[in-house]
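User: Please take me through this model. I want to know what each term rests on, as well as the values.

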Protein chains: 2
Amino acid sequence: MSESAPRPTLEAVAARAGVSRATVSRVVNGSDGVREPLAERVRRAVDELGYVPNQAARSLVTRRHDAVAVIVAEPETRVFADPFFARQLRGISKELTAHDNQLVLLLTEDRDDHARVARYLAGGHVDGALVFSLHIDDPLPGLIQRAGLPTVFGGRPHWNGGEDGVRYVDTDNRGGARDAVRHLLGLGRRRVAHITGALDQTSAVDRLDGFRDVMADPDPALVEEGDFTAASGERAMRELLGRRPDLDAVFAGNDLMAAGALRALREHGRRVPEDVAVVGFDDMLPIAEQTEPPLTTVRQDIEEMGRLMARLLLRDLDRSAEPDEGAGPTGVVLPVTLVRRDSA
Amino acid sequence: MSESAPRPTLEAVAARAGVSRATVSRVVNGSDGVREPLAERVRRAVDELGYVPNQAARSLVTRRHDAVAVIVAEPETRVFADPFFARQLRGISKELTAHDNQLVLLLTEDRDDHARVARYLAGGHVDGALVFSLHIDDPLPGLIQRAGLPTVFGGRPHWNGGEDGVRYVDTDNRGGARDAVRHLLGLGRRRVAHITGALDQTSAVDRLDGFRDVMADPDPALVEEGDFTAASGERAMRELLGRRPDLDAVFAGNDLMAAGALRALREHGRRVPEDVAVVGFDDMLPIAEQTEPPLTTVRQDIEEMGRLMARLLLRDLDRSAEPDEGAGPTGVVLPVTLVRRDSA
DNA sequence: CCCGGCGGCGAGAGCGCTCTCGCCGCGTGC
DNA sequence: GCACGCGGCGAGAGCGCTCTCGCCGCCGGG
């Protein structure tokens, strides 16, 4: 217990197997050039002693850590109110552990944290970073870029346009919005309103763009800005009903706002979907299933997004050893699917 | 970019400041015994060169990593369906970063992962572990205990009773359940039913115990087992209504099941709270606020729980350097508060 | 039969740090 | 005035690993 046996070193294994450290190292790291009988003897010694390599010593010389940082900027608590984050992490975790990499989680809240994160990244504890940064004024992406670490962003970053080689994974927000609105049109609705998300986030902007793609020059009175919360959805819906009492459909920027909109609609005596059809976005469970009526919405594969981010990063890390460099897609956009329930 | 300058070493700083490595080390690590003018010169050299200590090299000799693993066992996806996890992580993260510790996240899903986790812990990459393991048959706690790392559990572990020194942080599930049921009795309800959570989790068992504490020998027909999902709550509620159509209140083991119960009640034409009063547990937002009617429930401070777990662990880590050892509370139970909304 | 080549293995340096030890210079007590 | 003590600093060993190099033994060809 208190006298935990000192962990065996390479040296110890070498002694027991009657070989040199170098040979044990070769066997442990799976490089060839060790003849079978010897290799076998080493392997036996390894698990007789319960040898586990000391990662610190290894990193010291290889300059590799087999660890990547996952950085989540959440100035608002919003990110945490929904299960997205957990799903994404899970996808990331799966992919990372499949490649024997560790996941170091950094949650940042205020500006003080940024300096800390920058220092950490500069400190070279990790080989790369996966970054979730939602807001347009977030200095974090810049700091990270400057640290010179291979990085993949979750969601299209704001300055993506010009910059070259900014890697990111995003869901097809624009395409999903189009699908949603087309679905509403397909139901014969013509006066389709849109409640946007917080427009300092690219996801909200892209969804709005998708709405406009299909509606082509919609009445501005049919668009109201929300901030992704249920309360904002409720407020926006009231606003919209006031301006355009004749509206017959709503595409909400996410399910939470859709849920809020449903309340406002009920309060105003509108039946869903008979009077007003409602479509959300995200397929955020269990919310989307629990509303009255259950929500028709656009589903995105959040876990896959995480997995893909990790995969992209790991590929970069592998490559950075090679001479070629660069290449590979800079941004990847994941498809979405419309899930029909009862609200539209 | 591609030619990232080699990071400066202690040696380089020493040379620039015209002192020895040892002195720089002393200054960097804040140990005294360096006279002010010299220390100042060192500090200047440090930030002129942008020196950041190499953690790997440091760990190699100190055998400290300033990192703790957070292990989340989630055989079912349930853990991920709710925002708990994120909140807890956040509390943990705050406390850890306040003490300059890193958070290494390990998510496990199946048995294969367990071996991996055990190996990782044995590998001595981290100084301690925070563990969330819900189910009674989970081998993980045993494995971790065997790795000999300081550990704090989230939620009362199953074998807590006998074992000494098993540290954990839990919410007052039993007390909260009592509060909930007393509240219902206070409203004049007499035929109070209970929908339990999955009884292989201590939280569900403790809540059931709390229910029994107050109800003292309740009709077994008034208790139905659920599994913490909304669907199970709905099913359980139907079951209960079938057996005891006269029931006038329900205490659900969590908010999700309460939401399910509300649906079943509505379906059976029962008004809430007039005919049947409903109380949930967790105050899981936004669910608890979004139900019809909004849920009266027992709130637990999830973030504080995470923070406390981290604090306990860090204290143990500090102490393990000292001679005294042991001592300190083995289990900490956090208080809960009843939140009155409209359902009871 | 001798020499060159090659593949398997060991010796040893060195990654960047911490920490012990001992030296040196100063102040203090007798 | 001399010995001693003590505090500030430097020298150097060593943490556990990787990886280059060179040695050695074996094989094949001339």
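## Terms and values

Analyst: The surface near DNA strand C is made up of 13 nonpolar, eight polar and five charged residues. This is a predicted model, in which local features need pLDDT of at least 70 and side-chain atom pairs count only at pLDDT 80 or more, while totals for chains, interfaces and linings use all residues. Residues are numbered from 1 along each chain as its sequence is written, and chains are lettered from A and ligands numbered from 1 in the order in which they are written.

User: What makes a residue nonpolar, charged or polar here?

Analyst: Ala, Val, Leu, Ile, Met, Phe, Trp, Tyr, Cys and Pro count as nonpolar, Asp, Glu, Lys and Arg as charged, and the others, Gly among them, as polar.

User: What makes a residue "near" a strand, and which are closest to DNA strand C?

Analyst: The C-beta atom, placed from the backbone, must lie within 6 Å of the molecule or strand. DNA strand C is surrounded by 26 residues, the closest being A:Ser20, A:Thr23, B:Thr9, B:Leu10 and B:Ser25. Two or more residues each come from helix H2 (21-28) and helix H4 (55-62) of chain A, and from helix H1 (10-17), helix H2 (21-28) and helix H4 (55-62) of chain B. H4(B) gives the most, with five residues.

User: Which residues are closest to DNA strand D, and which element has the largest share of the surface near it?

Analyst: DNA strand D has 26 residues around it, with A:Thr9, A:Leu10, A:Ser25, B:Ser20 and B:Thr23 the closest. The largest share of that surface is from H4(A), with five residues. By class, the surface near DNA strand D has 13 nonpolar, eight polar and five charged residues.

User: How do you know what counts as a helix or a strand, and how many are there in chain A?

Analyst: Chain A has 14 helices and twelve strands. UniProt lists residues 8-62 of chain A as "domain: HTH lacI-type", in an unreviewed entry. UniProt positions are given in the numbering used here, feature names are shortened, and annotations may be inferred rather than shown by experiment. That span is 69% helix and 0% strand, and its end C-alpha atoms lie 21 Å apart.

User: What does the radius of gyration of chain A say when set against a compact globule?

Analyst: The radius is taken over C-alpha atoms, and the globule rule is 2.2 Å times the number of residues to the power 0.38. A compact globule of 344 residues would come near 20 Å, but chain A has 26 Å. The C-alpha trace of chain A spans about 85 × 40 × 40 Å along its principal axes.

User: Where do the domain bounds come from, and what are the domains of chain A?

Analyst: The bounds come from an automatic or database domain assignment. Chain A is divided into domain 1 (10-53), domain 2 (67-170 + 303-334) and domain 3 (173-300). The C-alpha centres of domain 2 and domain 3 of chain A lie 30 Å apart. Their contact takes eleven residues from domain 2 of chain A and eight residues from domain 3 of chain A.

User: What makes two residues a contact, and how many residues of chain B are in contact with chain A?

Analyst: Their C-beta atoms, placed from the backbone, must lie within 7 Å. By that test, 41 residues of chain B are in contact with 41 residues of chain A. H6(B) gives the largest share of the chain B side, six residues. That side divides into 20 nonpolar, 13 polar and eight charged residues.

User: Why is A:Asp283 called buried?

Analyst: A residue is buried if 20 or more other C-beta atoms lie within 10 Å of its own, exposed if 12 or fewer, and partly exposed in between, with C-beta atoms placed from the backbone. A:Asp283 has 23 C-beta neighbours inside 10 Å, so A:Asp283 counts as buried. Phi of A:Asp283 is near 55°, a positive value in a residue other than glycine.

User: Why is B:Phe228 put in that class?

Analyst: B:Phe228 is buried because 27 other C-beta atoms lie within 10 Å. B:Phe228 also has a positive phi, about 80°, although it is not a glycine. The residue sits in the loop between strand S7 (223-225) and helix H11 (230-243) of chain B.

User: What is the omega of the peptide bond from A:Glu292 to A:Pro293?

Analyst: Omega is near -10°, and the bond is cis. A:Pro293 is in the loop between helix H13 (287-290) and strand S10 (296-300) of chain A. In chain B, the bond from B:Glu292 to B:Pro293 is cis, with omega near -5°.

How values were computed:
Helices (H or I, at least four residues) and strands (E, at least two) are DSSP runs, numbered from the N terminus.
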